[in-house]
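Biologist: Please bring up the sequence and the structure, and let us go through the backbone and then the helices.

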Amino acid sequence: MITHQPNPTYLPSEARYQDMPYKRCGKSGIQLPRLSLGLWQNFGEVDTFSNAQAMVHKAFDLGINHFDLANNYGPPYGSAESTFGKILKQGLAPYRDELLISSKAGYDMWPGPFGIGGSRKYLLASCDQSLKRTGLEYFDVFYSHRFDPDTPLEETMQALDTIVRSGRALYVGISNYSAEQTQQAIAILNDLGTPLLVHQPRYNMFNRWIEDGLTDVLTDNGVGSVVFSPLAQGFLTNKYLRGIPEGSRASRAEQIHLSADHISQDKIARVQQLNEIAIERNQSLAQLALAWVLQPQAVTSAIIGASRVEQIEDCVTALNNLHFSPEQLANIDQILAG
């Protein structure tokens, strides 16, 4: 005799908005949680669905109501969107209006010249496919995932404008655009009447390129930013304090964004020094790194990735201590400068 419901309806924590700080995204009416959850890895068809579902539920319980996708997240391509769609269908859907869900297109997705880039044909087709995989009627934000030098920027921005005006998305974003490209995109979108809401760049202690002009462009134009890879693909965690452990992401030959080639003894030494500052602040190294990327005024939110629920809980704890003394910031700059 069945005495319990095998698939109980998900009931989020009633205290989900109690402790999570939110910040306005540029000059828009949108407020984002200081931490967002990205589904770049660990949400594909090859991953365990129950774990993916548990991570999304825990994130929402903790006030993370922004979930970031892209058409080619997986593996295989598209499967992260399908996983998220299944999570919505099985319990999260009643809370759709509390969620901000984004997706992107720009990198390779299907064979042939129409399956990559910034063309109108690719972006519109990709957006439609992503909506179908997630089961959504619209995305809150749809991004051009990268600048395409082979497509006129006007065409790419006009495609984003069409996506909003057709009801496929509420807002538009761009990702991986330089400061100059961002300024041009802002001007085009303003002329079209669909202003740019948000930029999504890579930013962490070892990759500070946005400080060389991009944050100024965003601040001057009232555009927010949601930074990704704040932990440098896990390098800015305790995992690499003594080198490259067996089985870690950097030890895997198929990794592109973090490999043994990217981790030198000099970098490990710097990470060890940063960890000493984290200990002084009663934080883990990951919590220190997250608190640090949230300092610039132009940074609205940081996207975290996770492979288990406990990592999300640990990241959210970083929000309990976002204040840095001038001396701490100076010490961090000195360490990073080598």
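Biologist: Where is A232 found, and is A232 buried or exposed?

Modeller: A232 is found in the loop between β9 (224-227) and α7, where helices (H or I, at least four residues) and strands (E, at least two) are DSSP runs numbered from the N terminus. This is a predicted model, in which local features need pLDDT of at least 70 and side-chain atom pairs count only at pLDDT 80 or more, whereas totals for chains, interfaces and linings use all residues. Residues are numbered from 1 along each chain as its sequence is written, and side-chain values use heavy atoms, with hydrogens and water left out. With buried meaning under 20% relative accessible area, exposed over 50% and partly exposed in between (1.4 Å probe, protein chains only), the 11% of A232 makes this residue buried.

Biologist: What is the phi of Q233?

Modeller: Q233 is also placed in the loop between β9 and α7, and its relative accessible area of 10% makes it buried. Although Q233 is not a glycine, its phi is positive, at about 60°.

Biologist: How does α2 lie relative to α3?

Modeller: Helix α2 (residues 79-92) packs with helix α3 (residues 120-134) at an angle of about 40°, their axes being 7 Å apart; these axes are lines fitted to C-alpha atoms over the stretch in contact, and angles run from 0 to 180 degrees between N-to-C directions. Angles under 35 degrees count as roughly parallel, over 145 as roughly antiparallel, 65 to 115 as roughly perpendicular and the rest as oblique. The angle of about 40° therefore makes α2, relative to α3, oblique.

Biologist: How wide an arc do the buried residues of α10 cover, and which helices do they pack against?

Modeller: In α10 (residues 326-337), the buried residues are Q328, I332, I335 and L336. They cover an arc of only 95° around the axis, which puts them on the same side of α10, the arc being that of the directions from the helix axis to the C-beta atoms. The face turned away from that side carries the exposed residues P326, E327, Q334 and A337. By contact (heavy atoms within 4.5 Å), the buried residues of α10 pack against α7 (265-280) and α8.

Technical notes
Expected span 1.5 Å × (residues − 1).
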